[in-house]
Amino acid sequence: MDVNRLGGGGGAVCIHWRTICKFWMAGKCSFGKRCKFLHQWFVSDDFTMLAQLAGHEKKAITGHEENKAITGIAFPMGSNKLYSGSKDGTLQVWDCQTGKSAAVISLGSEVGCVISEGPWVVAGINKSVKAWNIQTHNELSLSGPSGLVYALAVEKEMLFAGAQDGSILVWKFVAATNGFEPAAALKGHSASVLTLVVGNKILYSGSMDSTIRLWALETLQCIYTLTDHTSPVMSVLCWDQFLLSCSLDKTIKVWAKTESGKLEVTYTKQEEHGLLALSGMPDAQGKPVLLCSCNDNTVHLYDLPSFKERGKICAKGETRAIHTAPGGLFFTGDGNGELKVWKWNEQSPEAATTIQQ
């Protein structure tokens with residue numbers, strides 16, 4: 001793919017005139033159908049909201065108003081259950097057919113992140129990583145992290161956890177015991193590790209210290225540090241041969257290898273607000289789309305590699321959790337504890353998995 005094509009789509013489509021009514025979002029619009037602003041949660045003709053799942057409730061764990069924010073979403077392949085973790089200290093299990101809560105797992109600590117890999121659902125909490133095998137119902141608790149676990153990743157039977165003290169703990173899966181054993185602790189970041197992703201035999205970690213570190217999977221050694229961001233790196237994403245990163249410095253950066261083999265920024269997308277999370281998926285026609293959330297309570301969707309805008313989603317709070325799934329489904333979880341289910345239009349029926357209210 002031509003690196004120079006990134007960001008070369010002639011600019012974003014102007015969709016900002018189709019503004020969502022803030023009074024309607026707060027349940028206070030008095031104009032009703034006469035309102036000149038939109039009474040819906042998104043601006044796009046390309047996808048539809050299937051459901052709003054309400055279940056995370058405010059609890060006195062962290063002692064402030066944002067403690068019901070959703071911080072992680074997982075949809076294990078082949079499962080009919082959806083999982084969401086929150087600052088309210090629970091992991092909610094949702095029935096995909098009914099859209100209702102099937103179970104609530106109390107973890108006694110705010111949840112920093114949630115992922116799934118094979119039959120495992122894994123959640124990062126304070127000073128621990130919890131793992132559940134949805135096939136065998138085996139439950140594990142992995143101790144060792146210092147502070148809250150903000151990020152998780154899995155590759156080659158290794159589980160990585162990014163912790164509040166800047167370290168990355170590594171466990172190796174042991175088939176004989178169907179469990180995990182401590183393997184290493186990666187040191188280098190000077191502040192919390194907020195995001196982890198694996199690609200091209202490398203673990204990428206983004207941190208509050210504004211850097212991205214590259215760790216060789218074979219040796220678990222740091223081989224390079226990227227320093228182009230000027231604020232905390234909130235999310236990193238591998239796409240094709242590129243690395244994408246976003247930061248509170250209001251930029252999305254696209255990185256590619258140079259002839260010397262080092263990663264360098266080939267394109268920078270400037271946003272009006274700080275960025276919180278990145279995710280990617282194909283649309284109904286198989287074209288790659290980037291989803292990125294900003295700290296003004298919006299999620300923007302862009303075509304890749306052009307960065308042409310495809311739509312915008314609004315929420316009552318910051319969207320920290322975005323998860324994509326086969327069949328054109330994607331999920332967003334916001335600071336108000338609301339989990340929304342979305343689907344790209346014109347998706348083939350045999351590929352779709354339905355979640356209904």
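The following legends describe close-up views of a predicted model.

**View A. The open sheet S3-S4-S5-S6.**
Four strands make up this open sheet, arranged in the order S3-S4-S5-S6 with antiparallel pairing. Its edges are strand S3 (70-74) and strand S6 (101-106), each of which pairs on one side only. From one strand to the next, the twist averages 20 degrees. Four bridges connect S3 with strand S4 (residues 81-86) in the antiparallel sense. Within this pairing, alanine 74 has tyrosine 83 in S4 as its bridge partner. The loop between S3 and S4 contains glycine 78, which is exposed because its relative accessibility is 83% and the threshold for exposure is over 50%. The C-alpha atom of glycine 78 lies 9.0 Å from that of proline 119, although 41 residues separate the two along the chain.

**View B. The open sheet S13-S14-S15-S16.**
A further open sheet is formed by four antiparallel strands in the order S13-S14-S15-S16. Strand S13 (193-199) and strand S16 (222-226) are the edge strands, each pairing on one side only. Neighbouring strands of this sheet are turned against each other by 20 degrees on average, direction ignored. S13 and strand S14 (residues 202-207) run antiparallel and are joined by six bridges. Valine 198 is placed opposite leucine 203 of S14.

Strand S7 (residues 113-117) pairs with strand S8 (residues 120-133) over five bridges in the antiparallel sense. The bridge partner of glutamate 117 in S8 is tryptophan 120. Two residues lie between S7 and S8 in this hairpin, and glycine 118 in the turn adopts a positive phi of about 60 degrees. In the hairpin of S11 and S12, four residues lie between the strands, and asparagine 178 in the turn has a positive phi of about 55 degrees. Strand S11 (residues 168-174) and strand S12 (residues 179-186) run antiparallel, joined by seven bridges. Leucine 169 has alanine 185 as its bridge partner in S12.

**View D. Surroundings of threonine 251.**
Threonine 251 belongs to strand S19 (residues 251-257). Its relative accessibility is 6%, so threonine 251 counts as buried. The side chain of threonine 251 forms a polar contact of 2.7 Å with the side chain of aspartate 249. Apart from neighbours within four places in sequence, the residues in contact with threonine 251 are His229, Ser245, Cys246, Thr268, Lys269, Gln270 and Leu275.

Glutamate 271 is located in the loop between strand S20 (263-270) and strand S21 (275-282). With a relative accessible area of 10%, glutamate 271 is buried. A side-chain polar contact of 2.6 Å links glutamate 271 to tyrosine 302. When neighbours within four places in sequence are set aside, glutamate 271 is in contact with Lys250, Ile252, Cys292 and Tyr302. Histidine 300 is part of strand S23 (residues 298-303) and is buried at a relative accessible area of 7%. Its side chain makes a polar contact of 3.0 Å with the side chain of glutamate 309.

The structure contains 12 aromatic pairs. Phenylalanine 75 and phenylalanine 331 form an edge-to-face pair, because their ring planes meet at 85 degrees, with the centres 5.6 Å apart. This pair links distant parts of the chain, 256 residues apart: phenylalanine 75 is in the loop between S3 and S4, whereas phenylalanine 331 is in strand S26 (residues 329-334). Phenylalanine 75 is buried, with a relative accessible area of 11%, and phenylalanine 331 is buried at 0% relative accessibility. Tryptophan 239 and phenylalanine 242 form a stacked pair, 5.5 Å from centre to centre with 20 degrees between the planes. Both tryptophan 239 and phenylalanine 242 are buried. One aromatic cluster consists of Phe47, Phe330, Trp342 and Trp344.

Conventions:
Residues numbered from 1 in each chain as written. Predicted model: local features only at pLDDT ≥ 70, side-chain atom pairs only at ≥ 80, totals over all residues. Heavy atoms only, no water. Pairing = 2+ DSSP bridges. Axes fitted to C-alpha atoms, helices over the stretch in contact; angles between N-to-C directions. Buried < 20%, exposed > 50% of the residue type's maximum accessible area, 1.4 Å probe, protein only. Polar contact = N/O pair within 3.5 Å; in protein donor to acceptor, adjacent residues only side chain to side chain. Contact = heavy atoms within 4.5 Å. Phe/Tyr/Trp six-rings, centres within 6.5 Å; stacked < 30°, edge-to-face > 60°.
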